[in-house]
Amino acid sequence: MLLFREKFPIDWLPKVLGNLPAVLVDHAHLERKAATTALNLEKYRDLYAQVEALNAIAIEELQHFQLVLELLKRRGIPFSQPYPSPWISGLMKSVRNGQRHQAIDHLICCSLIEGRSCEKFQVLAKELESIDPELAKFYGGLVESEGNHYASYLLMARAIDGAETDRRLDFYLDLDAELIRRPNPLPMLH
Ligand SMILES: [Fe+2]
Ligand SMILES: [Fe+2]
């Protein structure tokens, strides 16, 4: 179950539906970054025991990346430059330094990114049904996996320090709620 305290803005959906080719390119980069992020988490001492679980997530994200690339190819959309997400960089800016604190904050940020993807893919699967059935099916097929990543990252943070994770999650849920309200006209998922 997702814990978010704020809904994404109502203008997000028409923006995405009106810019599907650009959003798909952004989505490809999102999956690419999700794969590299899973591998980057393996640098933390507290996550050495999770290296195989993190590899499994990285492999899944790489498969998602590949699926989006195939979709781009079928639709004749060139793979191009990514947009930076103000929401993601806003979350990542508040990751603290220091092994344990950094690992917990980084995991929580990853968890929220996965959670927002899960939430938005679910909405897209439903909304695209009548407009673009192929894409609706594609997004529907990703919901469970991104939801599992959301839960896995949160569980990994709790396994390091449950009380500290809950305290930081409270902070990050407020930050997410504040950042998600900020207007972002760019054709991107987050
Ligand atoms: Fe993914
Ligand atoms: Fe994911």
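Predicted model: local features only at pLDDT ≥ 70, side-chain atom pairs only at ≥ 80, totals over all residues.
A tetrahedral site needs all angles between 85 and 135 degrees. The protein donors are E31 (OE), E61 (OE), H64 (ND1) and E146 (OE), at 2.0 to 2.2 Å from the iron ion (ligand 1).

Along the sequence, these donor residues follow the spacing E-x29-E-x2-H-x81-E. E31 belongs to helix α2 (residues 20-40) and E61 to helix α3 (residues 51-74), so this pair ties together parts that are 30 residues apart in sequence. E31 and E61 are both buried.

The iron ion (ligand 2) is coordinated by E61 (OE), E114 (OE), E146 (OE) and H149 (ND1), at 1.9 to 2.2 Å. The arrangement is irregular because the four donor atoms subtend angles of 90 to 139 degrees.

The donor residues of the iron ion (ligand 2) are spaced E-x52-E-x31-E-x2-H in sequence. E114 sits in helix α5 (residues 99-127) and E146 in helix α6 (residues 133-160), so the pair ties together parts that are 32 residues apart in sequence. E114 is buried, at 6% relative accessible area. E146 is also buried, with a relative accessibility of 2%.

## Where the two sites meet

The iron ion (ligand 1) and the iron ion (ligand 2) lie 3.4 Å apart, and E61 bridges them.

Conventions:
Residues numbered from 1 in each chain as written. Chains lettered and ligands numbered in written order. Heavy atoms only, no water. Donors = N, O, S within 2.8 Å, 3.2 Å for Na, K, Ca; no water. Tetrahedral: all angles 85-135°; square planar, octahedral: opposite > 155°, others 65-115°. Helix = DSSP H or I, 4+ residues; strand = E, 2+ residues; numbered from the N terminus. Buried < 20%, exposed > 50% of the residue type's maximum accessible area, 1.4 Å probe, protein only.
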